[in-house]
Amino acid sequence: MAMPLLDVRGACKTFGGLRAVQDVSFSVTEGEIFGIAGPNGSGKSTLFNLITGIPFAPTAGEIHFAGQRIDGWPAHRIARGGLARTFQKDAEFPDLSARETVMLGSSYAGGLSGAAARRATEAALDLVALEEARRDLPSGDLSVYEKKQLMIGSALVAKPRMLMLDEPASGLTRPEIAALDALLVAVNASGVAILLIEHVLSLLLSVSQRLLVLNQGQVLTEGDPAEVVRDPDVIEAYLGSRA
Ligand code: ADP
Ligand code: MG
């Protein structure tokens with residue numbers, strides 16, 4: 001089997017006495033879409049944080065990416081190494097246009113400037129299919145779905161090998177979730193692996209090749225998405241005790 005692109009080995013993160021992430025291990029292959037599910041507070045976002053080093057590294061365990069051990073690296077070095085992420089909240093700079101926002105991303109994570117940054121910006125906005133006529137509007141004027149396109153475009157501008165998305169479907173209508181599904185498939189087809197946290201299970205099941213379920217900071221199960229969601233332990237974790 002090929003070497004994994006991302007290899008998380010026994011990752012832990014504690015906050016005082018709280019074990020938010022406990023001995024989590026999994027790996028993602030180049031070009032794969034790997035889903036992460038779990039109830040609220042199960043440690044999904046914390047897991048993303050410790051993988052990308054924003055804002056903290058794991059308290060124990062190792063993170064390997066593209067053959068290098070990256071835990072403890074500064075976040076910008078991880079980003080330039082090909083690992084890009086988005087956050088649960090939307091656009092940070094409502095007065096900046098989509099073009100300006102993506103340009104900022106290109107200088108931060110891509111190390112690009114000038115003409116190269118402008119080309120990378122257009123390529124990223126093309127990949128997420130943000131309409132040309134919307135690209136110079138203040139991003140605060142964009143629709144909820146367009147802000148998602150912008151958020152993903154900003155992460156893609158550095159041409160990452162893996163994109164990490166934290167609940168990108170939140171706030172979207174069903175037709176918009178269908179559009180996001182197609183967008184993720186297109187981004188993946190362009191050669192980018194995707195690590196996807198999502199509470200909209202239909203989206204997760206549609207796009208993921210493998211699915212991991214976290215519960216109380218630990219891996220409950222991992223495997224074929226259709227089988228994972230039929231697992232009685234997974235059903236119980238989501239619905240609570242049926243007693
Ligand atoms: P999820 O994304 O699965 O909803 P989180 O990773 O956000 O879960 O949170 C997991 C647990 O860690 C929760 O109990 C949460 O309150 C706690 N937690 C997350 N971030 C912090 C933090 N910065 N400081 C203290 N506790 C935190
Ligand atoms: Mg979260």
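The protein chain of this predicted model divides into domain 1, residues 1-82 and 161-243, and domain 2, residues 90-159; these bounds come from an automatic or database domain assignment. The centres of the two domains, taken over C-alpha atoms, are 24 Å apart. Domain 1 brings 21 residues to the contact and domain 2 brings 15, with contact meaning heavy atoms within 4.5 Å.

Between domain 1 and domain 2, about 1,300 Å² is buried, and carbon and sulfur atoms give 70% of it. Buried area here is the accessible area (1.4 Å probe) that two parts lose on being put together, summed over both. On the domain 1 side, Arg80, Leu163 and Leu183 supply 33% of the area buried against domain 2, more than any other three residues.

I now turn to ligand 1. Among the residues surrounding ligand 1 are Phe15, Pro39 and Asn40, each with a heavy atom within 4 Å. How many residues of this shell come from α1? Helix α1 supplies 3, the largest share.

Polar contacts, pairs of N or O atoms within 3.5 Å, follow. For lysine 44, a polar side-chain atom is 2.8 Å from an oxygen atom of the ligand.

As to conventions, residues are numbered from 1 along each chain as its sequence is written, and chains are lettered from A and ligands numbered from 1 in the order written. Local features need pLDDT of at least 70, side-chain atom pairs count only at pLDDT 80 or more, and totals for chains, interfaces and linings use all residues, while side-chain values use heavy atoms, leaving out hydrogens and water.

How values were computed. A polar contact is a pair of N or O atoms within 3.5 Å; within protein, one must be able to donate a hydrogen and the other to accept it, and residues adjacent in sequence count only if both atoms are side-chain atoms. Helices (H or I, at least four residues) and strands (E, at least two) are DSSP runs, numbered from the N terminus.
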